[in-house]
Amino acid sequence: MKIFRSLSRFLTHTSRISVPVLVLLVLGSAACTSRNAASSGNDRNVIAEAEIDELRRLNALEIVQRLRPQWLQTRGIDSFQQSNAVIAYLDGGRYGLAAALRNVRANDVLEIRYLDSRQATMRFGVGHPSGAILVVTRR
């Protein structure tokens with residue numbers, strides 16, 4: 001009988017601890033799942049290799065036009081001193097305006113990423129009022 005009471009107390013005590021632990025485990029796994037989902041292709045600022053593979057016959061500009069045309073929209077008013085066009089970067093170096101991506105074959109592209117104005121300015125300096133498009137090739 002003593003063993004039964006001890007076992008009963010143990011199970012009661014354990015269940016009080018188990019519920020909070022179980023809740024934490026469930027919440028933690030949900031957070032990990034959502035983080036993995038974002039990195040696996042749900043990021044609207046990235047065109048991943050899997051998406052590019054489906055459009056190999058196109059060039060980088062055509063891929064952006066087809067999958068993320070909003071990246072090419074200029075923001076604000078163009079001035080005489082500074083263009084408000086989207087700037088393109090190829091493997092970390094300035095490549096020109098977004099239209100220059102017409103010269104980059106899709107077969108060579110690993111990833112295309114968009115940086116908004118704030119992110120582009122932080123990374124490359126001033127002169128990115130409409131953001132930047134970064135192309136990473138397979139080199």
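## Arg56 and its surroundings

Let's start with a side-chain pairing: Arg56 reaches Asp53 through a polar contact, side chain to side chain, at 2.4 Å. Keep in mind that this is a predicted model.

Where does Arg56 sit? You'll find Arg56 in the loop that runs between α2 and α3. Setting aside neighbours within four places in sequence, Arg56 is also in contact with Glu49, Ala106, Asn107, Asp108, Val109 and Arg138.

## Helix α3

Move on to α3, which spans residues 60–67. Asn59 caps its N-terminal end, with a side-chain oxygen 3.0 Å from the backbone nitrogen of Leu61.

Which residues of α3 are buried? They are Ala60, Leu61, Ile63 and Val64. These four lie on the same side of α3 because they cover an arc of only 160 degrees around the axis. As for what they pack against, the buried residues of α3 meet β1 (46–47), α2 (49–53), β4 (109–115) and β5 (132–137).

## Strand β5 and its partners

One of those packing partners, β5, is mostly covered itself: five of its six residues are buried.

How does β5 pair with β2 and with β4? With β2 (residues 87–90), the pairing is parallel and runs over four bridges. With β4, the pairing is antiparallel and runs over six bridges.

Definitions and conventions. Residues numbered from 1 in each chain as written. Predicted model: local features only at pLDDT ≥ 70, side-chain atom pairs only at ≥ 80, totals over all residues. Heavy atoms only, no water. Buried < 20%, exposed > 50% of the residue type's maximum accessible area, 1.4 Å probe, protein only. Helix = DSSP H or I, 4+ residues; strand = E, 2+ residues; numbered from the N terminus. Arc of directions from axis to C-beta. Contact = heavy atoms within 4.5 Å. Polar contact = N/O pair within 3.5 Å; in protein donor to acceptor, adjacent residues only side chain to side chain. Pairing = 2+ DSSP bridges.
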